[in-house]
Amino acid sequence: EVAKHTDLFLYDLKLMDPVQHKKWTGKDNRLILKNLKLLAESGANINIRIPFIKNVNTGAEEVTKMAEFVVALQATKISESEFAAPEKLLVNLLLYHNIASGKYKKLEIEYNEGEMGEPTQAEIQRAIDIFSAAGLKVEVGG
């Protein structure tokens, strides 16, 4: 019902693997992915936002799985919705940064980013190439 009254959904997609998703976020992603599929089937306008974090989801295999999932959403959106325009879904890569570490230091709180890190330029370009090769529009930031 909400989709009928909403112009644009910004939807975060972090990982495809429910076990890895739970490791990094504390929850598995089955319901998240199901809801995203339902939203696409409704014909909603969706921007897929991917928090892009080194050692979490920057590997070629993970990026490829995300691209395949988004392509399937796009195909569903175009083929099953009378309202869907044949536009590409937009994928925003939101690059991880450790700017919060300075805020934590000022508050005298330990900042533990663990294995997370800023993605390299090569990882960013590889992701752009994978999403683009899949026929998706991809932007860094957003």
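Biologist: How many residues of strand 2 are buried?

Modeller: Keep in mind that this is a predicted model. Seven of the seven residues of strand 2 are buried.

Biologist: What makes both faces of strand 2 count as covered?

Modeller: Look at each side in turn. One side carries Ile46, Ile48, Ile50 and Phe52. The other carries Asn47, Arg49 and Pro51. Buried means under 20% relative accessible area, and the residues on both sides are all buried.

Biologist: Which strands form the sheet, and in what order?

Modeller: Four strands form an open sheet in the order 1-2-3-4, with parallel pairing. Strand 1 (9–12) and strand 4 (137–140) are the edge strands.

Biologist: Why are strand 1 and strand 4 called edge strands?

Modeller: Each of them pairs on one side only. From one strand to the next, the twist averages 25 degrees.

Biologist: How do you know that strand 1 and strand 2 pair?

Modeller: Pairing needs at least two bridges. Strand 1 and strand 2 have four, in the parallel sense. So they count as a pair. Phe9, for one, has Ile46 as its bridge partner in strand 2.

Biologist: What joins strand 2 to strand 3, and strand 3 to strand 4?

Modeller: Six bridges join strand 2 to strand 3. Pro51 stands opposite Leu94 in strand 3. Four bridges join strand 3 (residues 90–95) to strand 4. There, Val91 has Val138 as its bridge partner in strand 4. Both counts meet the cut-off of at least two, so both are pairs.

Biologist: Now the charges. How many salt bridges does a search of the whole structure find?

Modeller: The search finds six.

Biologist: What makes Lys54 and Glu123 a salt bridge?

Modeller: Their closest N and O atoms are 3.1 Å apart. The cut-off is within 4 Å, so the pair qualifies. This pair links distant parts of the chain, 69 residues apart. Lys54 is in the loop between strand 2 (46–52) and helix 3 (60–80), and Glu123 is in helix 5.

Biologist: Is each partner buried, exposed or in between, and why?

Modeller: Glu123 has a relative accessible area of 11%, which is under 20%, so Glu123 is buried. Lys54 has 24%. That lies between 20% and 50%, so Lys54 is partly exposed.

Biologist: Where do Glu61 and Lys65 lie?

Modeller: Both lie in helix 3, four residues apart, about one turn of the helix. An α-helix has 3.6 residues a turn, so residues three or four places apart point the same way. Glu61 and Lys65 form a salt bridge, with the closest N and O atoms 3.4 Å apart.

Biologist: What makes Asp17 a cap on helix 1?

Modeller: A side-chain oxygen of Asp17 lies 2.7 Å from the backbone nitrogen of Val19. Polar contacts reach to within 3.5 Å, so this one counts. Asp17 caps the N-terminal end of helix 1 (residues 18–25). Gly26 follows helix 1, and its phi is positive, near 95 degrees.

Biologist: How do you know that Asn57 is buried, and what does its side chain reach?

Modeller: Asn57 is at 1% relative accessibility, under 20%, so Asn57 counts as buried. Its side chain reaches the backbone oxygen of Lys14 at 2.9 Å. A polar atom of the Asn57 side chain also lies 2.8 Å from the backbone nitrogen of Ile53. Asn57 is found in the loop between strand 2 and helix 3.

Biologist: Last one. Why does Leu107 count as exposed?

Modeller: Leu107 is at 60%, over 50%, so Leu107 is exposed. Leu107 sits in the loop between helix 4 (100–106) and helix 5 (121–133). With Tyr104 and Ile109, Leu107 makes a nonpolar surface patch of about 300 Å².

Conventions. Residues are numbered from 1 along each chain as its sequence is written. This is a predicted model: local features need pLDDT of at least 70, side-chain atom pairs count only at pLDDT 80 or more; totals for chains, interfaces and linings use all residues. Side-chain values use heavy atoms; hydrogens and water are left out. Patches are made of residues with over 30% relative accessible area and no salt bridge: like charges are joined within 9 Å, nonpolar side chains (Val, Leu, Ile, Met, Phe, Trp, Tyr) within 5 Å. Accessible areas come from the Shrake-Rupley method with a 1.4 Å probe; for residues, only the protein chains shown count as cover. A salt bridge is a side-chain nitrogen of Lys or Arg within 4 Å of a carboxyl oxygen of Asp or Glu. Buried means under 20% relative accessible area, exposed over 50%, partly exposed in between (1.4 Å probe, protein chains only). A polar contact is a pair of N or O atoms within 3.5 Å; within protein, one must be able to donate a hydrogen and the other to accept it, and residues adjacent in sequence count only if both atoms are side-chain atoms. Axes are lines fitted to C-alpha atoms, for helices over the stretch in contact, and angles run from 0 to 180 degrees between N-to-C directions.
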